[in-house]
Amino acid sequence: RAVDRKALKLADLVVADTRANGDYLAEVGQIPRERVEVCFVGAEERLFHAGWRPDERFRAVFVGKLIPLHGLDTILEAARLAPELDFRVIGSGQLEALLEERPPNVERVEWVNYEDLPGELWAAGCALGIFGTSAKTMRVIPNKAFQALACGTPLITADTPAARELLADERDALLVPPGNPAALADAVRRLAGDPDLSRALSAGGRRTYEEQASEEILGARWRDLLESRLR
């Protein structure tokens, strides 16, 4: 924390990925809030672009490192509550031991090549974001969420202050309470049983990405931030 505080105080420019994280960095660095700018993370568009065409059999897909932030325990319990639905967990990490007793409707894939991730999202019935309950969960929008939006894949993620900076429930994603497996199971069921809602979220999510988190939008934002300091 002391190292972070010194780095933040010395920086000419501090950029956070959300306003919520900006508030946190200003507190850690003991610097005025107006010294912290905000720019979303976005996605790498040479790979992640519109192309959602889900497989006939609905599948909820999670991609990421298995750390507490992501709420793997919530995802697995949601799968237990919805045994009629398929889940795929792609990744490895700190909490992968939880997968040893996963329910039979959860497929585990240790990892896929980065270039193959868009294909996983295009074929998925929906993409799963993060569902942990830590303070950090409240402050961030994970890269996986931007990737899903860029691909036009319907997204389900935790309803947090950070998520609300970009997303609105039923407009461009389904937002569920953090750490609530029953709510997550219900959200996945809604999408599995309502193709019209899935298509609406696909279009809404892609539109939100283009308007607020595309490379064109974020590139201009970064250029403005850097040039404003040079001026």
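Modeller: On a 1 Å grid over the protein atoms alone, a cavity is a set of points where a 1.4 Å probe fits but cannot get out, while a pocket is an open set with protein on both sides within 12 Å along at least five of seven lines; lining residues have an atom within 4 Å of a point. Points are joined across faces, edges and corners, and the volume is the space filled by probe spheres set on them. The model is predicted, so to speak of local features we need pLDDT of at least 70, and side-chain atom pairs count only at pLDDT 80 or more, while totals for chains, interfaces and linings use all residues. Residues are numbered from 1 along each chain as its sequence is written, and side-chain values use heavy atoms, with hydrogens and water left out.

Biologist: Thanks! What volume does the largest cavity have?

Modeller: Two cavities of 30 Å³ or more are present in the structure. For the largest cavity, the volume is about 90 Å³.

Biologist: Which element gives the largest share of the lining of that largest cavity?

Modeller: There are 14 lining residues, and those nearest the centre are Val 63, Leu 121, Ala 127, Lys 144 and Gln 147. Two or more residues each come from β3, α4 (117-123), β6 and α6; here helices (H or I, at least four residues) and strands (E, at least two) are DSSP runs, numbered from the N terminus. With four residues, the largest share comes from α6.

Biologist: Now the open spaces. Which helix gives the most to the lining of the largest pocket?

Modeller: This pocket, of about 220 Å³, is lined by 13 residues, with Val 63, Gly 64, Asn 143, Lys 144 and Gln 147 nearest its centre. By class, the lining has seven nonpolar, four polar and two charged residues. The helix that gives the most, with three residues, is α6 (residues 143-151).

Biologist: Where does the largest share of the lining of the second largest pocket come from?

Modeller: About 190 Å³ of space lies in this pocket, and its lining includes Trp 52, Phe 58, Leu 191 and Arg 199. Two or more residues each are given by α8 (181-193) and α9 (195-212). The largest share, three residues, comes from α9.

Biologist: Back to Val 63: which residue in β4 is its bridge partner?

Modeller: All five residues of β3 (residues 59-63) are buried, that is, under 20% relative accessible area, with exposed over 50% and partly exposed in between (1.4 Å probe, protein chains only). Strands pair if DSSP finds at least two bridges between them, and five bridges join β3 to the parallel strand β4 (residues 86-90). In β4, the partner of Val 63 is Ile 90.

Biologist: What is the bridge partner of Phe 62 in β6?

Modeller: Phe 62 and Ala 60 point one way from β3, with Arg 59, Val 61 and Val 63 pointing the other way. Strand β6 (residues 126-128) runs parallel to β3, joined to it by three bridges. There, the partner of Phe 62 is Leu 128.

Biologist: How far apart are the closest N and O atoms of Arg 164 and Asp 159?

Modeller: Arg 164 is partly exposed at 44% relative accessibility. Asp 159 is also partly exposed, at 28%. In their salt bridge, the closest N and O atoms are separated by 2.8 Å.

Note on methods
Nonpolar A, V, L, I, M, F, W, Y, C, P; charged D, E, K, R; others polar. Salt bridge = Lys/Arg side-chain N within 4 Å of Asp/Glu carboxyl O.
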